[in-house]
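Trainee: Could you walk me through reading a structure like this one? I'd like to begin with how its parts meet.

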Amino acid sequence: MKKTYLIVLFFAVSLVQLYAQKTSSFYVDIGGGFSSFQDVKYSNVKYNGFGGVFGLGYLKENEKAIWGVNLQGIVTTEKAATHDNTVSTYNPMLQAKYLHRIRENLFIGATWDVLDLYAKNFDGLGNNSAYNVTGSTLWASAIYDYKKFRFGLDLGLVSYFKESTGFAFSASQNVLENGDFDYQNDKIDSPFAFKYYELRTIPKHFQVRTSIRYQLSNRFSVGYKWHLRKFSEVKKYPVTYGIHSLSIRYNIFKRTK
Amino acid sequence: MKYLKIKIGLLLFLAVFSSCEKALMEPNPKTDALAVFDEYTTLVQEKYAMLEFKNVNINTLRSNLRGKINNATTQKEVFEILGEVTKSLRDGHSSLIEDQNNPNGMSISFDLEEGYPAGIDAAILVNNYIGNTVNSEIKTLAGGQGFRAVWGTLPQDRKIGYLWIPSWNVEISDDEIERIFLDLKDTKGLVFDMRTNTGGDPALATKFASYFTDKPIYNGFERFKTGPGPNDFSDSHITLQPAGSANKYLKPVMVLTDRNVYSASTTFLYSVDPVESIKTVGQRTGGGSGSIADGYLANGWYWSLSTSEFIDAQGRHLDDGVEPDIPVVLNLEDTTKDEVIERAIVELQ
């Protein structure tokens, strides 16, 4: 009886030890990116190009959940597919996420892009040189661990955002449709003028994000991320963009207890 | 072997996902002559805001021109055919440029001055009114292409102020605007020279306009194209709000105009037009009341189009310009005076 008790106790303690394991890490990401863009309101020509990725983040994981915050920035230079004009793309983003452990290797939860600023600068254009989409998105998130791989999938549920350019002018479509345009109204050009933000949900506003990370060592991992966004503030004239990044993550500190 | 599998897997993953968004995009357009012609005429049809006002039947124009394009049509010929569409709009905001980096490349735009006499002579202006040798009280804001602003009083009558903004395509800070209007505050009337000012930032023009009223003024409305259909428009009604400044200028003002008073200068003019103490002197203005959108055709040619127009409080379409309240033609043979300024002085005395 005593032996059985000791065996059960051993397994119970081991199990508690296993599930009580806590890992926290502060990391830096650095790598390269590839982005593509098409705004059918103005042209069907696709823009594609390469650039760099930088990120900082904190991630905490325990027996119940994963949560973390992440600040990342992507800069690329895209070239038109059918001519030589280029566009610079900047995409800084601040994210927070919380995922609950459903199984040992499966987490379900949410990610909140607190601020997602997607900005472009088209060389050689006048009023249409600047294009940006500013806002915030709530995502349904899942993480699945397999050996040294971690797979991530986010599905954009709802976005609260502003697109800077409407069907035929560099002001938001709702500003023009609502008859709010006025040169004395500074808010029209401000990416943070919430008055002109729209709340959009799937499927009209479609966003998906995938990721795959391979743990090379305790300090290093390599990850690939893909972000796709497609939406139409003017019916039948969609904006579509995708951003791919491949980065090395270095854990400045990683503690497990 | 293990790492090779991982590498292959990652490469496959990248290859699959990197083209995913492209599957959701429209295919790239063709760049042959007919495709470019169709792209441009569709842009004009869907985005140009004044086809009716300019009396342009885009469908007829397209039908007439499309037949001129075939496999043997050269790039130059295609450009000229597209240029026929651009020219039909009679609009300085609407242009077509082959290559913006090549000053010798082909370009089409509307000549505002064609058929009109010169509205200003810089030498006459400098030698008789604002040059340092004849006017030591003139102040300037350096920058832009020469000066961002020139102001002071006129030697012909020191009680009359003079302000010249050569272009709105500059930055003038709120403090600098305050300084200008503070200096002009004690004059009994102002000559606001807007000649040669072909536009720039309409918000800056509106900011200046807001100094000439102490109460809100209804200006009219800007009619924007908001969709591809012929009736897809939306009107933004504009009321000019007065500047929150103690240096507002509420005395008589003569605004000097010529054909180059265009775009943001038209924004200034329609903003202050309802003010009774403000009159225009000189030539018919150039107009250019609309806002501009621009982009590239599939072959890289640059286009710009007016995608709105302004209709003022009197119901006038302003895009072709408006006649001044007091028409005056400059006599270039008499280099001792600028007839437009002289007439403005007489009106203010």
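Predicted model: local features only at pLDDT ≥ 70, side-chain atom pairs only at ≥ 80, totals over all residues.

Trainee: Which stretches of chain B make up domain 1 and domain 2?

Mentor: Domain 1 covers 33–109, while domain 2 is made of 122–288 + 307–348. Their C-alpha centres lie 33 Å apart. Where the domains touch, twelve residues of domain 1 of chain B are in contact with 14 residues of domain 2 of chain B.

Trainee: How many salt bridges are there between domain 1 of chain B and domain 2 of chain B?

Mentor: First the general idea: side chains of opposite charge can pair when their charged atoms come close. Between these two domains the count is three salt bridges. Take K54(B) and D319(B), whose side chains meet in a salt bridge at 2.8 Å, N to O. On the domain 1 side, the touching residues divide into four nonpolar, three polar and five charged.

Trainee: Now the two chains. How many residues of chain B are in contact with chain A?

Mentor: There, 55 residues of chain B are in contact with 51 residues of chain A. Together the chains bury about 4,300 Å², 60% of it on carbon and sulfur atoms. E21(B), M25(B) and Y296(B) supply 15% of the area chain B buries against chain A, more than any other three residues.

Trainee: Let's look at pairs within a chain. Where in chain A do D154(A) and R209(A) sit?

Mentor: D154(A) forms a salt bridge with R209(A), and the closest N and O atoms are 3.2 Å apart. This pair links distant parts of the chain: D154(A) is in strand β7 and R209(A) is in strand β9 (residues 206–215), 55 residues apart. To judge burial, compare the relative accessibility with a cut-off: under 20% is buried. D154(A) is at 12%, so it counts as buried. R209(A) is at 8%, so it is buried too.

Trainee: What about R66(B) and D38(B): buried or partly exposed?

Mentor: R66(B) has 34% relative accessibility, so it counts as partly exposed. D38(B) is at 25% and is partly exposed as well. Salt bridges can also share partners: K54(B), R90(B), D319(B) and D320(B) are joined into one network that way.

Trainee: One last feature. Why is helix α9 of chain B described as largely enclosed?

Mentor: You check its residues one by one. In helix α9 (residues 264–272) of chain B, nine of the nine residues are buried, so the helix is largely enclosed by the rest of the structure. Among them are F268(B), L269(B) and Y270(B).

Methods. Residues numbered from 1 in each chain as written. Chains lettered and ligands numbered in written order. Heavy atoms only, no water. Contact = heavy atoms within 4.5 Å. Buried area = accessible area lost by both parts, 1.4 Å probe. Domains from an automatic or database assignment. Salt bridge = Lys/Arg side-chain N within 4 Å of Asp/Glu carboxyl O. Nonpolar A, V, L, I, M, F, W, Y, C, P; charged D, E, K, R; others polar. Buried < 20%, exposed > 50% of the residue type's maximum accessible area, 1.4 Å probe, protein only. Helix = DSSP H or I, 4+ residues; strand = E, 2+ residues; numbered from the N terminus.
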